Amino acid sequence: MREILSVLESDARATPDRIAALTGIAEDEVRTAIAAWEADGVIRRYKAVVDWDRAGDSRVTAFVDVTVAPERGRGFDDVAERIAKFREIRAVHLVSGAQDLRVEVEGASMKEVADFVAQKLSGVERVTATSTHFLLRRYKDDGQLLTDPEPDQRLSVMP
C-alpha cells in the first residue's frame with residue numbers, strides 16, 4: 001500500500017483510477033485505503049508545490065536553529081508545540097547536533113522575520129539561544145526541482 005501513498009505524495013491530484021493503473025492495485029482498494037488514511041490522519045492534506053518567486057510573491061524564509069534548556073521529564077515536545085502555534089512558523093523539527101530544534105519561519109521581509117525571532121521566538125520559555133539562517137534561493141522544494149532545465153546544446157545530426 002506504500003505505492004499508493006508514494007503516488008499521492010508526488011501528485012496529489014492523482015485519481016484512484018490513475019493510481020490503480022500505476023500500482024496494479026484494484027481501484028476499490030485504492031479508494032478504501034485513501035479514505036481510511038484520511039480518517040486516521042495518515043494523509044494530513046493535499047497540496048501543490050508553488051514556486052512563489054515565479055508567482056511574483058516576495059516572501060522571506062529563514063531557518064532558525066533553536067537551543068532549548070532541558071528539563072527533567074518534559075523533553076522537547078512541549079516547547080516544539082508552543083513554537084508551532086505561531087502563525088509565522090511553517091515547520092518545526094527536532095534535530096540532532098548542537099541545537100535541538102530547526103524551525104522554518106516565513107515573513108514579508110527580513111525585518112519582520114528578525115523581529116519575530118527576537119521578540120516572540122526567543123521569548124518562549126526554555127529557549128536559550130537561536131541562530132537564524134535566511135534562505136537566499138530555493139533550487140528544490142518538496143522533491144520538486146524549481147530550476148529550468150538547461151537547453152540542449154548538442155548539434156543536430158543528420159542521418
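This note sets out numbered points on the predicted model of a single protein chain.

1. Secondary structure. The protein chain contains six strands and five helices. Read from the N terminus, the order of its elements is α-α-α-β-α-β-β-α-β-β-β.

2. Overall dimensions. The radius of gyration of the protein chain is 21 Å, whereas a compact globule of 159 residues would have a value near 15 Å. The C-alpha trace spans about 65 × 50 × 30 Å along its principal axes.

3. Burial and surface. Buried residues make up 27% of the 159 residues in the protein chain.

4. Contacts along the sequence. Among contacts in the protein chain with a separation of 6 or more, 62% are between residues 24 or more positions apart.

5. Charge. The protein chain carries 29 negative and 23 positive side chains. The centres of these two sets are 4 Å apart.

6. The aromatic pair. How many aromatic pairs does the structure hold? There is one aromatic pair in the structure. Its members are phenylalanine 86 and phenylalanine 116, and the pair is edge-to-face because the ring planes stand at 80°, with the ring centres 5.3 Å apart. Phenylalanine 86 belongs to the loop between α4 (77–84) and β2 (89–94), while phenylalanine 116 belongs to helix α5 (residues 110–119), so the pair ties together parts that are 30 residues apart in sequence. The two rings may also be described by their accessibility. Phenylalanine 86 is partly exposed, with 23% relative accessibility, whereas phenylalanine 116 is buried, with 4%.

7. Surroundings of phenylalanine 116. Which residues does phenylalanine 116 contact, leaving aside its neighbours within four places in sequence? The contacts are with Phe86, Glu88, Ile89, Val105 and Leu121. Between the C-alpha atoms of phenylalanine 116 and glutamate 104 the separation is 12 Å, and the two residues are twelve residues apart along the chain.

8. Glutamate 106. This residue is placed in strand β3 (residues 101–107). Is glutamate 106 buried or exposed? Its relative accessible area is 18%, and glutamate 106 therefore counts as buried, the cut-off being under 20%. Apart from neighbours within four places in sequence, glutamate 106 is in contact with Arg59, Val60, Thr61, Glu88, Arg90 and Val113. Glu88 is also listed among the contacts of phenylalanine 116.

9. Leucine 5. Helix α1 (residues 2–10) includes leucine 5, which is partly exposed at 28% relative accessibility. Not counting residues up to four places away in sequence, leucine 5 touches Trp37, Val42 and Ile43. From leucine 5 to alanine 114 the C-alpha to C-alpha distance is 37 Å, and the pair is 109 residues apart in sequence.

10. Alanine 129. Strand β4 holds alanine 129, a residue that is partly exposed at 35% relative accessibility. Beyond its neighbours within four places in sequence, alanine 129 is in contact with Asp65, Val66 and Thr67. Alanine 129 and glycine 143 are 14 residues apart in sequence, yet their C-alpha atoms are 31 Å apart in space.

11. Positive phi at arginine 126. Most residues other than glycine have a negative phi. Arginine 126 has a positive phi, near 80°. Where is arginine 126 placed? The residue is in the loop between α5 and β4 (127–134). Its relative accessible area is 9%, and arginine 126 is buried.

12. Positive phi at aspartate 142. A positive phi, near 55°, is also found at aspartate 142. Aspartate 142 is located in the loop between β5 (140–141) and β6 (144–145). In accessibility, aspartate 142 is partly exposed, at 49%, whereas arginine 126 is buried.

How values were computed:
Residues numbered from 1 in each chain as written. Predicted model: local features only at pLDDT ≥ 70, side-chain atom pairs only at ≥ 80, totals over all residues. Heavy atoms only, no water. Helix = DSSP H or I, 4+ residues; strand = E, 2+ residues; numbered from the N terminus. Rg over C-alpha atoms; globule rule 2.2 N^0.38 Å. Buried < 20%, exposed > 50% of the residue type's maximum accessible area, 1.4 Å probe, protein only. Contact = heavy atoms within 4.5 Å. Lys, Arg positive; Asp, Glu negative; His and termini not counted. Charge placed at Lys NZ, Arg CZ, Asp CG, Glu CD. Phe/Tyr/Trp six-rings, centres within 6.5 Å; stacked < 30°, edge-to-face > 60°.
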